[in-house]
Amino acid sequence: MRQIKGSTLYRRALLWALWIGAGVSLVQALLPPLPWMLLTRVIEGMSHLAIVVATPTLIAQLSAERHRGFTLTLWGTFFGVAFTLLVALGLPLVDAYGIPALFIAHAIWMAVFAIILGAWLHPLAEEVPGQLSLRGIWNDHIAIYRSPRIAAPGAGWLFYTFCFLAILTVLPPYIAPDWRAWVLGAMPLMSIVTSMTLGVFALRYMSAVWVVQGGFALCIAALIWLMIKPGDPVACIALAGALGLVQGASFAAVPQLNHTATHQAQAYGAVAQTGNLGNTLGTPVLLAVLGIAGYPGLVWTAIAVFACGFGVHAWMAARRAS
């Protein structure tokens, strides 16, 4: 069996995270009382945080430079892929066998990949991590978010995640019932297709940051379209395609801006943190705006969020140039 050599530290973090995720899913399949379920979700969230940091760092290390845009764009499709798989396979599984079946399937999925990567991903070299302390963690975070190279991908990712799931949540009532199911199924697929085709092609000729900014600009254009024609299926698909450009290029931007494994891991950690923050805040904020200002307020808020994503990348680029 051919072995792939990767960083020891990130390999170990990835494998432990996969096994912990599998074990936690088995516990969740028992449907424990709410306090215990919440505890398992916290543990699972920590394991997923390790995956989101370790995996793209390893991908960046293992990919040839000419392939890195493609491989990291492929990794960046995990939002759309997960949403599509849940709709296509997860919901029928729950309908047929109940919620525990979904947790068991997730545990099997995690365990299978832990076994595969444990066999194929061979350690490259030992790394000696620094001493862990609260002061050290605080100082590291200050250094990360002060850096226009390390922080830039995560800064843009905050505004992407703020809107991605929120839009899929609040937009359906405005889509005609005859088109609603088809559009909701097609939107995450369109984001994947755009990311893997137009996004990868664009990365050959321009920087990942420019591709991200182009994606934000196209998101704004699609939202103006939706302002004029609320719930238009083609406009919804166009918005999903624009989001796909932001999705893949955000991960490709990390190794373009950061050339050491340590800085790349820090950048991916910032992406994970800002992504969690965006996902947490986006849906409740947009629902609140919808309740107060209606559909126009919803669209203008989303436009403002994407404009901030474009602007924060422009600001970070200006700081890098100075």
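How many cavities of 30 Å³ or more does the count come to? The count comes to 1 cavity. The structure is a predicted model, in which local features need pLDDT of at least 70, side-chain atom pairs count only at pLDDT 80 or more, and totals for chains, interfaces and linings use all residues. Residues are numbered from 1 along each chain as its sequence is written, and side-chain values use heavy atoms, with hydrogens and water left out.

**The cavity**

- On a 1 Å grid over the protein atoms alone, a cavity is a set of points where a 1.4 Å probe fits but cannot get out, and lining residues have an atom within 4 Å of a point.
- The largest cavity has a volume of about 90 Å³, where volume is the space filled by probe spheres set on the points, and grid points are joined across faces, edges and corners.
- Its lining consists of Ile167, Val170, Leu171, Leu223, Leu226, Leu239, Leu286, Tyr295, Leu298, Val299 and Ala302.
- Helix 7, helix 9 (208-228) and helix 11 each give two or more residues to this lining; helices are DSSP runs (H or I, at least four residues), numbered from the N terminus.
- Helix 11 provides the largest share of the cavity lining, 5 residues.
- The cavity lining has 11 nonpolar residues, no polar and no charged; Ala, Val, Leu, Ile, Met, Phe, Trp, Tyr, Cys and Pro count as nonpolar, Asp, Glu, Lys and Arg as charged, and the others, Gly among them, as polar.

**The largest pocket**

- The largest pocket has a volume of about 2400 Å³; a pocket is an open set of points with protein on both sides within 12 Å along at least five of seven lines.
- Of its 49 lining residues, His48, Phe78, Ala82, His106 and Trp109 are the closest to the centre.
- Helix 2 supplies the largest share of the pocket lining, 11 residues.
- The pocket lining divides into 34 nonpolar, 13 polar and 2 charged residues.

**Trp109 and helix 5**

- Trp109 lies in helix 5, and helix 5 gives the most to the nonpolar patch, with 7 residues.
- Helix 4, like helix 5, supplies at least two residues of the nonpolar patch.

**Gly248**

- Gly248 belongs to helix 10 (residues 233-257).
- Gly248 is buried, with a relative accessible area of 0%; buried means under 20% relative accessible area (1.4 Å probe, protein chains only).
- The C-alpha atoms of Gly248 and Ala265 are separated by 17 Å, and the two residues are 17 residues apart along the chain.

Technical notes:
Buried < 20%, exposed > 50% of the residue type's maximum accessible area, 1.4 Å probe, protein only.
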